[in-house]
4 protein chains.
Amino acid sequence: MFSNITDTKISKKIVEIVSGNKNLSIGGGSFCVIAGPCSIENELQFSSTANFVTKNGAQLLRGGVWKPRTSHKSFQGLGSVALELVKKITTETNQGIVSEVMDPRDIEELYPYVSLFQVGSRNMHNYSLLKELAQQDKPVLLKRGFASFVDEWIKSAEYIEQGGKASVILCERGIRTFETVTRNTLDLNSVAFIKHKTHYPIIVDPSHGVGVSLLVPDLALAAAALGADGIMVEVHPNPKEALSDGPQALTFPQFEILMTKINRIIEIVGQK
Amino acid sequence: MFSNITDTKISKKIVEIVSGNKNLSIGGGSFCVIAGPCSIENELQFSSTANFVTKNGAQLLRGGVWKPRTSHKSFQGLGSVALELVKKITTETNQGIVSEVMDPRDIEELYPYVSLFQVGSRNMHNYSLLKELAQQDKPVLLKRGFASFVDEWIKSAEYIEQGGKASVILCERGIRTFETVTRNTLDLNSVAFIKHKTHYPIIVDPSHGVGVSLLVPDLALAAAALGADGIMVEVHPNPKEALSDGPQALTFPQFEILMTKINRIIEIVGQK
Amino acid sequence: MFSNITDTKISKKIVEIVSGNKNLSIGGGSFCVIAGPCSIENELQFSSTANFVTKNGAQLLRGGVWKPRTSHKSFQGLGSVALELVKKITTETNQGIVSEVMDPRDIEELYPYVSLFQVGSRNMHNYSLLKELAQQDKPVLLKRGFASFVDEWIKSAEYIEQGGKASVILCERGIRTFETVTRNTLDLNSVAFIKHKTHYPIIVDPSHGVGVSLLVPDLALAAAALGADGIMVEVHPNPKEALSDGPQALTFPQFEILMTKINRIIEIVGQK
Amino acid sequence: MFSNITDTKISKKIVEIVSGNKNLSIGGGSFCVIAGPCSIENELQFSSTANFVTKNGAQLLRGGVWKPRTSHKSFQGLGSVALELVKKITTETNQGIVSEVMDPRDIEELYPYVSLFQVGSRNMHNYSLLKELAQQDKPVLLKRGFASFVDEWIKSAEYIEQGGKASVILCERGIRTFETVTRNTLDLNSVAFIKHKTHYPIIVDPSHGVGVSLLVPDLALAAAALGADGIMVEVHPNPKEALSDGPQALTFPQFEILMTKINRIIEIVGQK
């Protein structure tokens, strides 16, 4: 398959997102930083994080309302209760937010609050959900299934696009391999492939991709140097007390340092 | 395993290599570019490549004398015949060379010609070879087995170090996963892990790591931004006619452009 | 992890299924054969297959009403239209049926027609679906996600069991590995692990597990010899014209021969 | 690839092995049981095991002289010292032995003692070793690399056959996948593929394949039911004190029970 990959120019599809009163264009040459907590836990946690990442250059917030968890005994997200917090904090920071939807019946409820719907890795093959998202007009961040071929990923994007209303941004978040020294294996090869050979904008999630906060900034820089269209990173005021994914969340100082380096890298590789 | 990865400072081991009349220090903060053809095919091919990569900033040459090939019917490398070419061209370019040894009985013959022995991915678990390399004093570039745990890789390095004479540089070259859109999956997560949590210098081989020349430069830039100690890339005057690994070899112009970008990246991330 | 696996006796949970006017006990020492087409395509195809597999010893039918497909352009199953066929043919053959549900909103509609709900491999992590299935009382056949750890699989079963109403049977159907010579890699190791170390009944699907009809009978025999609680196999009157999964469907004669051999194997290993 | 796998009859190559004063034909319809310890540790351990497995129907012994170990600090096998024990015990039991050779320089020394050379999983791509084995005339048991494609495995067999003297028997011993609940994932799909689509005899090693003694017998029975040409299992008088691979070794009683079941299975599937 790989022997006949040639450099035919492909015109990229630019996805427009409304984030607060800004208009973001993903895929058009600028680099987008999405940041925030894994889950929205309470007002203080979400507000402080949102304000900090905004001040340091994030252009879109992230924050989970409903969380897919391996065990039904783990924290499942605040659910609908979080929506008022979403409204308050996005207004306060003049930011939009991307948040995950897991159930086709939740799309309508979540719609007014988000700038971008997220389909999580575990739902990339949930075709009922994809078909329902095809019926609405907000863009969708489609995370790669943790063991999905690039080809399947693109076909899942086509499920969403079939309605002709919703645009898709792809998000690489690590695949499952034999190696266990990190939580997943971030597949930057596929990011390079998508960048050169498809028309989709591609974002990298180094937080899930490597799963260890110490290593997240290095992978974020790698993604920027490689020419990805952006990154999405998890930030928490106190990762040790996070209700989900604490080991991979950056502290505020780690995020601030990362942003300084990212800005210098993207200057070089020609992203603004 | 990954939950308790913390940022204890580890003092890195610097490996000294004599390359022509230069002394290279790998792992001490400078970024090393190793370049050259997959196999040494003939004088013109090797000489032109060696001179070109030297002129464009490569600090060490690469070139296969004996080649491990899946089929016994494929080109197996020139073998001993190539050694005179190695001598001539390394002298001409004032460069050292890294070349692969596959058989413990070949170490002695290859010794006078190389600055750095390479153990290939398929021989990372060839303990007879590792033990024999432990008996000599030149440094060894130990490629990761294409399905080897980081832990096994380090234990293979310890086989070589047990003699107390030879130092080891690790080289990530891609692992085998379910994904087939690229030849291998370059595991930059493990590179970041090794950088932060072990004392070994770590080099990245994006040529084998992604296996598609169009995508090689992006992955090389990613490796530099991530803070690897160097890269090793395959370059060929005419990749389409290469006797081995043509699809992943850079042309001369591709290499030249890559070097310009690499130099700007390593300035930022603090490698010289 | 594997070093401390010891042979503590675990009392198995027996799952009762009503199939026509029979009561099947899965997990209690008898071996259950589930057979039928991948998708229900039309009356002739479904009726002929159902009658043939019944005559040859199948104790439960299978047949897809809604089909998860990688591309939205592929045949998606007949949908609700198939339900009347399900009613007619299960009555005619005095058999129950297992059929896949992909959308939590379809559970209610499918409920009267099936003896056993199936959660497919691509929905093993679809927690909205699992939670909804926890609200009803029919047993659920939970297929393993194609890249899911045994531990995650069991935790998904616990999502279904949390309501205290629905019982779970696990079904191994192959995992995704680097090997491409077969469609998936049937993981009989995990089947043996589940048999010895958990209380869940475990069924094997060699059709998806190997994906090549020529090889399906061998893997079915292997599953029986290993002590699985049953198999689920795809059978089609004319596999070459099947609308889904034709390459892995057994013909009628192949199924008949398989059943003869299976019956002799299960005598030996102590399943009835 | 899998869609055009059809059932063209392939005439199998029968490999003849001299085991004591018996002539074994592997691949001709009879089922061969190879058994013994992982490593030869001392006379008592090897003698007692060899006698026990012989009495219970093993037709060929196994026992490691040189052992490939991940760490240079682990027990590396007795080495040449074990050869006198090999001679004594094979004579005493009237059995041949299969033992691993890791270094091309050891072939000559091992030659007089073995009926069958073994190439271990970690050396399947050690082409220097394969080429040297092609120069001698005893058959070779070629274990699959733990992450090798079936295609690569067969090409490694062709390296050995290129001399026209040595025949090859393939041995599946598990592949490396994401799953960690067992040591490896035994790939019986590939065994079925090799049986139907190549001319090589194929043996299964459930000891390494699953890595947990409790689960070994189930996988051995599965291999027999599937139609493999034999199995190779590790047996130890006291697995807890084994110097290598204790967790996967069968005790004497476990082996005895397994042999009773195996004999009944192979009657059914038509192997003698």
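Two strands count as paired if DSSP finds at least two bridges between them. I keep that in mind throughout, and I also note at the outset that what I am reading is a predicted model.

**Entry 1: the barrel of chain A**

I began with the strands of chain A, where β3-β4-β5-β6-β7-β8-β9-β10 follow one another around a closed barrel of 8 strands, and the pairing is parallel. Going from one strand to the next, I find a twist that averages 25°. To see one pairing in detail, I looked up β3 (residues 32-36) and β4 (residues 60-62) of chain A, which run parallel and are joined by 2 bridges. Within this pair, Ile34(A) has Leu60(A) of β4(A) as its bridge partner.

**Entry 2: the barrel of chain D**

I then turned to chain D, where 8 strands close into a barrel with parallel pairing, in the order β3-β4-β5-β6-β7-β8-β9-β10. Its neighbouring strands are turned against each other by 25° on average, if direction is ignored. Here I picked the pair formed by β9 (residues 202-204) and β10 (residues 230-234) of chain D, which is parallel and held over 2 bridges. On the β10(D) side, Ile231(D) is the bridge partner of Val204(D).

**Entry 3: chain C against chain D**

How is chain C superposed on chain D? I find that a rotation of 180°, with 0.0 Å of shift along its axis, brings chain C onto chain D with an RMSD of 0.0 Å. The two copies are therefore related as by a two-fold rotation axis. Which residue of chain C comes closest to that rotation axis? It is Ala222(C), whose C-alpha lies 2.0 Å from the axis.

Next I looked at the contact itself, in which 45 residues of chain C meet 45 residues of chain D. On the side of chain C that touches chain D, at least two residues each come from α6 (188-197), α8 (216-226) and α9 (252-269) of chain C. Of the elements there, α8(C) gives the most, with 7 residues. By residue type, I note that this side of chain C divides into 27 nonpolar, 11 polar and 7 charged residues. Finally, 100% of the interface residues of chain C are also interface residues in chain D, so the copies meet through the same surface.

**Entry 4: chain D against chain B**

I repeated the look-up for chain D and chain B, and here too a rotation of 180° with 0.0 Å of shift along its axis superposes the one on the other, at an RMSD of 0.0 Å. The C-alpha of chain D nearest this axis belongs to Ala147(D), at 3.0 Å. I also note that 100% of the contact residues of chain D recur in chain B, and that the same surface serves both copies.

How many residues does this contact take from each chain? I find 21 residues from chain D and 21 residues from chain B. On the side of chain D that touches chain B, the elements giving two or more residues are α4 (127-133) and α5 (150-161) of chain D, and the largest share, 4 residues, comes from α5(D). This side of chain D divides into 7 nonpolar, 8 polar and 6 charged residues.

Technical notes
Residues are numbered from 1 along each chain as its sequence is written. Chains are lettered from A and ligands numbered from 1 in the order in which they are written. This is a predicted model: local features need pLDDT of at least 70, side-chain atom pairs count only at pLDDT 80 or more; totals for chains, interfaces and linings use all residues. Copies are superposed by least squares on the C-alpha atoms of residues with pLDDT of at least 70 in both. Two residues are in contact if their C-beta atoms, placed from the backbone, lie within 7 Å. Ala, Val, Leu, Ile, Met, Phe, Trp, Tyr, Cys and Pro count as nonpolar, Asp, Glu, Lys and Arg as charged, and the others, Gly among them, as polar. Axes are lines fitted to C-alpha atoms, for helices over the stretch in contact, and angles run from 0 to 180 degrees between N-to-C directions.
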